Structure formats: structure tokens, C-alpha cells
Amino acid sequence: MQHLSINQYLRDHIRTVPDWPTPGVQFRDITPLLQNAKVFRVLIDAFVHRYMDPSMRPDVVAGLDARGFILGAVVAYELNIGFVPIRKKGKLPFDTVEETYELEYGSATVELHTDAVKAGDRVLLIDDLIATGGTMMAGKKLLERQGAVVMEGAAIVDLPELGGSEKLRAAGLQLFTLLDFAGH
């Protein structure tokens with residue numbers, strides 16, 4: 001059997017769904033990465049091994065609603081640190097701060113509990129993919145407004161043609177992604 005790189009192994013388990021949710025879009029579906037225990041472990045280990053290094057170790061992981069919860073919670077557990085959800089508006093039961101960002105057609109708002117992070121906390125912000133960067137930018141702003149330092153944004157997939165990763169880097173956010181896909 002041919003030896004595959006971790007990145008190629010993961011790429012081979014991402015499903016492309018043409019013309020979803022609209023014609024012309026090549027949707028990158030990460031759910032096959034989660035369905036197979038071995039593939040899921042390889043995925044999580046790729047993140048965990050990076051953030052085990054003392055120079056890269058966060059104090060807390062923040063996951064973006066909703067697939068960032070799946071990744072972030074498991075990574076936080078493996079690193080033995082806390083996990084913080086950044087949720088869509090109206091889903092958190094305690095006092096929150098919110099950030100609204102623009103979508104292709106309209107806007108969306110995400111929220112964070114006011115006691116989710118402490119000033120100076122080093123936070124890893126994680127999601128499944130980076131498209132336009134709006135959700136990750138909103139999460140970054142929320143965490144920084146609470147005094148945290150977003151040390152890095154992480155995702156499985158970058159869709160560079162949509163400009164999100166470029167926008168996030170221009171805003172000073174270090175990024176780590178396992179794969180990029182041309183087109184969208």
C-alpha cells in the first residue's frame with residue numbers, strides 16, 4: 001500500500017458535493033472525516049500534536065458554531081484545557097457579548113459568554129473551514145473584546161479563492177489549516 005501524507009489521507013475523506021447549496025458551488029463536506037474512527041483520530045491528532053508544543057499551547061480552545069464545536073471540544077479534551085463555544089445569537093443562556101458580521105446576502109450574529117475567557121488567555125480559535133472569513137473574524141473580535149489573545153485560527157479546510165484567509169491574515173490572525181481546495 002502506498003504511504004499517504006496525513007494531508008492527502010484527510011483530503012481523500014472529504015466529499016465534494018457539486019451545486020450545493022446553490023448552483024456552481026463545490027461544497028466541501030467534512031462529515032466523512034468524522035464518520036470513521038481512524039480518520040477522525042488522524043484529524044484530531046493533526047491538531048493536537050501541533051498545539052502540544054509548549055510554544056503553541058493555548059490556555060483554552062474556542063469553537064465556532066457548529067462544526068467548530070466538534071473539533072474544538074475534542075482538541076481541548078486531548079490538550080487537557082477548557083473549551084468555549086461561540087454560538088449563533090440567542091443560543092447561550094448567560095450574559096453575552098455579540099458580534100455581527102456580513103454574509104453574502106445579509107448578516108449574522110455570534111455570541112460569547114462574558115465569563116468565557118480571562119484577560120490574557122491564549123486562545124486557539126477553531127472551525128471546520130475558512131471561506132469568506134466572516135465567522136472567524138467575528139469570533140476573534142469577541143475574544144479580543146474580552147481581553148483574550150487569539151494566538152491562532154485553525155481549520156481543516158481553507159478555500160483561498162473566497163478571500164477569507166487573506167482577510168484574516170491581514171487582520172493579524174495567524175492561521176493553520178490542513179488542506180486547501182481551489183474553487184468553491
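Two strands pair if DSSP finds at least two bridges between them. Helices (H or I, at least four residues) and strands (E, at least two) are DSSP runs, numbered from the N terminus.

Keep that in mind for this predicted model, where local features need pLDDT of at least 70, side-chain atom pairs count only at pLDDT 80 or more, and totals for chains, interfaces and linings use all residues. Residues are numbered from 1 along each chain as its sequence is written, and side-chain values use heavy atoms, without hydrogens or water.

Start with strand β7, residues 122–130. Eight of its nine residues are buried (under 20% relative accessible area; exposed is over 50%, partly exposed in between; 1.4 Å probe, protein chains only). So β7 is largely enclosed by the rest of the structure.

Who are its neighbours? Strand β3, residues 60–64, pairs with β7 in the parallel sense over four bridges. There, Ala62 has Leu125 as bridge partner. Strand β8, residues 149–158, also runs parallel to β7, joined by eight bridges. Ile130 is bridged to Asp158 in β8.

Now the rings. Phe, Tyr and Trp rings (six-membered ring for Trp) pair if their centres lie within 6.5 Å; planes under 30 degrees apart are stacked, over 60 edge-to-face, the rest tilted. That rule gives four aromatic pairs. One is Trp20 with Phe27, edge-to-face, 4.9 Å between centres and 80° between planes. Trp20 is partly exposed at 47%. Phe27 is partly exposed too, at 22%.

Another is Phe47 with Phe176: centres 5.9 Å apart, planes at 85°, so edge-to-face. This pair links distant parts of the chain, helix α3 and strand β9, 129 residues apart. Both Phe47 and Phe176 are buried.
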